[in-house]
Amino acid sequence: LDNQENKIFCFIGFNNTNFDNFIFLNALLKNKENKSLNEYNIGEIFYNGSQLLNFKLNGRHHTFDIHKHLMGSLRDNCESFKIKCCKKLEFNHDKAQQLYLDNKLIDFITNNQELKDYNEYDVLATAVLFCKYRKALSEIPAKIGRAHVWTPVTDVSRMPSSAWKKK
């Protein structure tokens, strides 16, 4: 977070509202607690049921979950967007859950090349998917201004009356 006064970071994930955002937030909170530093502030924590939809870091950095915009799995979306350069790998999540229940997950994770490859391809697939998704959004013709993936949709009550007039 050094030298970030003029930057905005967006931490992008696929279905990260259900898992990754919790790990990320917890790590930030533990780091801040352990170092006893006030170099960053965490706020605007936004939950919906059991999902951590977003939080702000230093009032401007935030998270973005592509899965909230696209239906289906990461694999299905990679196929739909014709992403072949970093094809999503398979991983047996039931096996990981069982290892966790058996208290053997940490041993399994440590120096596991299969898991490392899976995670690396997952990150690459998410990054390429996000780039292609943003490009696809930018190519949609807009009649009332251009919506942007980073900004919330304007509430109908705040739209100008000119937006409703036929041209």
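Are Lys135 and Glu139 buried or exposed? Both Lys135 and Glu139 are exposed, where exposed means over 50% relative accessible area, buried under 20% and partly exposed in between (1.4 Å probe, protein chains only). The model is predicted: local features need pLDDT of at least 70, side-chain atom pairs count only at pLDDT 80 or more, and totals for chains, interfaces and linings use all residues. Residues are numbered from 1 along each chain as its sequence is written, and side-chain values use heavy atoms, with hydrogens and water left out.

**Overall architecture**

- The protein has 5 helices and 4 strands, these being DSSP runs numbered from the N terminus (helices H or I, at least four residues; strands E, at least two).
- Along the sequence, the pattern is β-α-β-β-β-α-α-α-α.
- Of the 167 residues in the protein, 26% are buried.
- Among contacts with a separation of 6 or more, 61% are accounted for by residues 24 or more positions apart, a contact being heavy atoms within 4.5 Å.

**Nonpolar cores**

- A nonpolar core is a set of buried Ala, Val, Leu, Ile, Met, Phe, Trp, Tyr and Cys residues joined through side-chain atoms within 4.5 Å.
- The largest nonpolar core consists of 12 residues, namely Phe14, Phe64, Ile66, Leu70, Leu74, Cys78, Ile83, Cys86, Ala125, Leu129, Phe130 and Tyr133.
- Two or more residues of this core come from each of the elements α2 (74-80) and α5 (113-138), and α5 gives the most, with 4 residues.
- Apart from this core lies another one of 7 residues, including Phe91, Ala96, Phe108 and Tyr118.
- Ile83 touches Cys78, Ala125, Val128, Leu129 and Lys132, when residues up to four places away in sequence are not counted.

**Largest pocket**

- The largest pocket has a volume of about 1200 Å³.
- On a 1 Å grid over the protein atoms alone, a pocket is an open set of points where a 1.4 Å probe fits, with protein on both sides within 12 Å along at least five of seven lines; lining residues have an atom within 4 Å of a point.
- Grid points are joined across faces, edges and corners, and the volume is the space filled by probe spheres set on the points.
- The lining comprises 35 residues, of which Phe19, Asp20, His93, Asn119 and Asp122 lie nearest the centre of the pocket.
- The elements that contribute two or more residues to this lining are β1 (10-13), α1 (20-35), α2, α3 (93-101), α4 (105-109) and α5.
- The largest share of the lining, 8 residues, comes from α5.
- By residue class, the lining divides into 18 nonpolar, 12 polar and 5 charged residues; Ala, Val, Leu, Ile, Met, Phe, Trp, Tyr, Cys and Pro count as nonpolar, Asp, Glu, Lys and Arg as charged, and the others, Gly among them, as polar.

**Salt bridges**

- The count comes to 3 salt bridges, each defined as a side-chain nitrogen of Lys or Arg within 4 Å of a carboxyl oxygen of Asp or Glu.
- Side chains of opposite charge can pair when their charged atoms come close.
- Arg75 forms a salt bridge with Glu90, with the closest N and O atoms 2.4 Å apart.
- This pair links distant parts of the chain, as Arg75 lies in helix α2 and Glu90 in the loop between α2 and α3, 15 residues apart.
- Arg75 is partly exposed at 22% relative accessible area, whereas Glu90 is exposed at 56%.
- Lys116 pairs with Glu120 in a salt bridge whose closest N and O atoms are 3.1 Å apart.
- Lys116 and Glu120 are 4 residues apart in helix α5, so about one helical turn separates them.
- Lys116 is partly exposed at 44%, and Glu120 is partly exposed at 38%.
- Lys135 forms a salt bridge with Glu139, the closest N and O atoms being 2.5 Å apart.

**Backbone and local features**

- Asn15 is not a glycine, yet has a positive phi of about 65°.
- Asn15 is found in the loop between β1 and α1 and is partly exposed, with a relative accessible area of 29%.
- Glu44, also not a glycine, has a positive phi of about 50°.
- Glu44 lies in strand β2 (residues 42-48) and is exposed at 57% relative accessible area.
- Phe46 is placed in strand β2 and is partly exposed at 48% relative accessibility.
- Leaving aside neighbours within four places in sequence, Phe46 is in contact with Gln51, Leu52, Leu53 and Asn54.
- The C-alpha atoms of Phe46 and Lys56 are separated by 9.1 Å, the two residues being 10 apart along the chain.
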